[in-house]
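Subject: Handover of a protein structure

Dear colleague,

Please find below the structure that I am handing over to you. My notes on what was found in it follow directly after.

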Amino acid sequence: MTKSYKIGIIKGDGIGPEIVDEAIKVLDAVSVAQGCNLKYTEMLLGGAAIDETGIPLPDETIQGVNKCDAVLFGAIGGPKWDNLERHLRPETGLLGLRKAMGTFANLRPATVYDELVNASTLKPGVVEGVDLMVVRELTGGIYFGQPRELHEEKAFNTMIYTREEVRRIAEVAFEIAMKRQKRICSVDKANVLEVSQFWRETVEEVAKEYPEVELTHMYVDNAAMQLIREPKQFDVILTGNIFGDILSDAASMLSGSIGLLPSASTGRGVGLFEPIHGSAPDIAGQGIANPLATISSASMMLRHALGESKAADKIDDAIKKALKEGYRTGDIADYDAKEVVTCSEMGDIIAEYASK
Ligand code: IPM
Ligand code: MN
């Protein structure tokens, strides 16, 4: 019998709609070929939601995502909404959605495609074979800590983690490490912050349940430097919300373009799958965005949320094949490109290869 899945679609702002359309194109091609049926429901978030309803995270979206098997999301934000008060900003909508969905574990794999070793600004020898996973805590830390206030002469935020919050993200990281090289580097700022000292102690506790996994700790400033100096030393990087945000952007440059890296946010129930990059308003609507991060996110969705690993493999292989054949979007066009393609052409190529 054909398996049927309900997929929530949130296109968002800027390049969001273009890149999500390409991911849907690929999902349709691969699901037909693999005999499953995906039903899409579009929902509003961010600037698009503000324009339509006045707020960045409408109730219908919160209710809608809970009726889905998984949610694919593009990107939100843009200059048009930058001057709004914080609670009305597009980003606040995304953070609210992550919180409402309970997606506390954000998995951001950074792998380097062999075909693109020359695309990185780092030397090929440094990045070749990089395969690391940033496990970023996503619904706590300074992004959500109370109190937070903005006044005329001062402003503050609060970085807070409870034991339960650290434990559960650490457990996710250890489970992932068990399926990889069994090495975790937990990144914090324990030489300065109490919250990091607490993070470190709690991760140590969880580590006792996973004696096979080697756990090391690193301060975040050093980790930023080591990611650039010798990225191959890392297997799983476990870290909090803001450090994970920053380090995953840095890690993306190992791969050559931030337009390549996908992410999966999982936790309580329905998972949210999104590229790690933003809405790139400067190139929106020009058809030059790189849809591969979103297409890879769709692959992560098939694998992690729907258990359709064969379909996911098809997409991953199709991406490698397209890169091998020399198809490149503008962001990676300087490097061994045979043909520079548009966002939609890249989607066509991946869809065709993935359906074979
Ligand atoms: C990301 C983004 C978001 C974050 C923004 C848009 C709120 O940078 O997903 O990495 O900081 O988490
Ligand atoms: Mn970010």
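Is T61 buried or exposed? With a relative accessible area of 2%, T61 is buried; buried means under 20% relative accessible area, exposed means over 50%, and partly exposed is in between, with a 1.4 Å probe and protein chains only. T61 is part of helix α3, which covers residues 59–66. Not counting residues up to four places away in sequence, T61 touches I10, M43, L44 and L97, where contact means heavy atoms within 4.5 Å. The C-alpha atoms of T61 and G8 are separated by 9.2 Å, and these residues are 53 residues apart along the chain.

Please keep the following conventions in mind. The model is predicted, local features need pLDDT of at least 70, side-chain atom pairs count only at pLDDT 80 or more, and totals for chains, interfaces and linings use all residues. Residues are numbered from 1 along each chain as its sequence is written, chains are lettered from A and ligands numbered from 1 in the order in which they are written, and side-chain values use heavy atoms, with hydrogens and water left out.

The overall picture is as follows. The protein has 12 helices and 14 strands; these are DSSP runs numbered from the N terminus, with helices (H or I) of at least four residues and strands (E) of at least two. Its radius of gyration is 20 Å, close to the 21 Å that the globule rule gives for 356 residues, so the protein is as compact as a globular protein of that length. That radius is taken over C-alpha atoms, and the rule is 2.2 Å times the number of residues to the power 0.38. The C-alpha trace spans about 50 × 50 × 45 Å along its principal axes. Of the 356 residues, 54% count as buried. Among contacts with a separation of 6 or more, 75% come from residues 24 or more positions apart.

The structure holds 2 aromatic pairs. Rings of Phe, Tyr and Trp (its six-membered ring) pair if their centres lie within 6.5 Å; planes under 30 degrees apart count as stacked, over 60 as edge-to-face and the rest as tilted. In one of the pairs, the rings of F174 and Y210 have centres 5.0 Å apart and planes at 20°, so this pair is stacked. F174 lies in helix α6 (residues 163–178) and Y210 in the loop between α7 (194–207) and β9 (214–219), so the pair ties together parts that are 36 residues apart in sequence. Both F174 and Y210 are buried.

A cis peptide bond, with omega about 0°, joins Q146 and P147, and P147 lies in the loop between β5 (131–137) and β6 (149–150). K182 is not a glycine, yet it has a positive phi of about 60°. K182 sits in the loop between α6 and β8 (183–188) and is partly exposed, with a relative accessible area of 27%. A280, also not a glycine, has a positive phi of about 40°; its place is in the loop between β12 (271–273) and α10 (292–305).

Finally, G267 lies in the loop between β11 (264–266) and β12. Which residues does G267 contact, leaving aside its neighbours within four places in sequence? They are G102, T103 and F104. The C-alpha atoms of G267 and F104 are separated by 5.3 Å, although the two are 163 residues apart along the chain.

Yours sincerely
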